[in-house]
Amino acid sequence: MRPGTRRDLKAVNDIYNHYVVESHITFDADPMTMEARRVWFDHYAKAGRHRLLVAVEGDRVVGYATSSRYRPKPGYLTSVETSIYLLPDAVGKGTGGKLYAELFKALEGEDIHRAYAGIALPNPASIALHEKLGFKRVALYTEQGRKFGRYWDVAWFEKPLGVAPPI
């Protein structure tokens, strides 16, 4: 596990676009272009709240995890939205848990109060991973997104991070 770099963007994009085309996991309908991926990458840093970590086996990127801005309003600055995507052949091998654990370790000491993850249902593997890492389901949005000619529910999970400021 290591911070993602520009050299990883093609692999990251290929992993993500697999899910765009093959699943309801993301509600993007069209594959992300490399130009858009480069713009996306500019939101991540090696330090701070917003990170991109990649999982590597040999010289191959097999997955990535991010902590991104949750919402644009200043009151949400101490919240992040997390995402994780793995190559299909990396699923179920413990890579996701290790990747997410590294992401949360990297975020220690940052001014972050909560991490959120939206999971399009059904997705029992993602739910199990998030619950294993301390996320709790806090909301269910019914028919929140439409893809492949149908509506999908999205469960939202949250994980406390950091220490609450004194009142």
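These questions and answers walk through a predicted model.

Visitor: How far apart are the end C-alpha atoms of helix 3?
Guide: Helix 3 covers residues 95-107, which is 13 residues.

Visitor: Which residues of helix 3 are buried?
Guide: Buried means under 20% relative accessible area. In helix 3 the residues that count as buried are T95, G96, G97, L99, Y100, L103, F104 and L107.

Visitor: What covers the buried residues of helix 3?
Guide: Both strands and a helix take part in the cover. The helix is helix 4 (124-132). The strands include strand 2 (51-57), strand 3 (60-69), strand 4 (79-86), strand 5 (114-120) and strand 7 (150-160).

Visitor: Which residue with a positive phi follows helix 3?
Guide: The phi in question is near 90°. The residue that follows helix 3 with this value is G109.

Visitor: Which residues lie closest to the centre of the largest pocket?
Guide: The largest pocket holds about 1100 Å³ of space. Its lining has 42 residues. Closest to the centre are I25, S83, I84, Y85 and G118.

Visitor: How many residues in the lining of the largest pocket are charged?
Guide: Sort the lining by class. It has 22 nonpolar residues and 14 polar ones. The charged residues number six.

Visitor: How many aromatic pairs are there, and of what kind is the pair of Y16 and Y85?
Guide: The count of aromatic pairs is 11. In the pair of Y16 and Y85, the ring centres are 5.2 Å apart. Planes over 60 degrees apart count as edge-to-face. Here the planes stand at 80°, so the pair is edge-to-face.

Visitor: How many residues apart in the chain are Y16 and Y85?
Guide: Y16 sits in helix 1 and Y85 in strand 4. Both Y16 and Y85 are buried. The pair links distant parts of the chain, and the separation in residues is 69.

Visitor: What parts of the chain does the pair of F104 and F135 tie together?
Guide: This pair is tilted, at 5.8 Å centre to centre and 55° between the planes. F104 is buried at 10% relative accessibility, and F135 is buried at 1%. The pair ties together parts 31 residues apart in sequence: helix 3, and the loop between helix 4 and strand 6 (136-147).

Visitor: Which residues form one aromatic cluster with Y16 and Y85?
Guide: Y16 and Y85 belong to one cluster. Also in it are Y19, W40, Y44 and Y64.

Terms used
Residues numbered from 1 in each chain as written. Predicted model: local features only at pLDDT ≥ 70, side-chain atom pairs only at ≥ 80, totals over all residues. Heavy atoms only, no water. Helix = DSSP H or I, 4+ residues; strand = E, 2+ residues; numbered from the N terminus. Expected span 1.5 Å × (residues − 1). Buried < 20%, exposed > 50% of the residue type's maximum accessible area, 1.4 Å probe, protein only. Contact = heavy atoms within 4.5 Å. 1 Å grid on protein atoms, 1.4 Å probe; cavity = no way out; pocket = protein on both sides within 12 Å on 5 of 7 lines; lining within 4 Å. Points joined across faces, edges and corners; volume = space filled by probe spheres on them. Nonpolar A, V, L, I, M, F, W, Y, C, P; charged D, E, K, R; others polar. Phe/Tyr/Trp six-rings, centres within 6.5 Å; stacked < 30°, edge-to-face > 60°.
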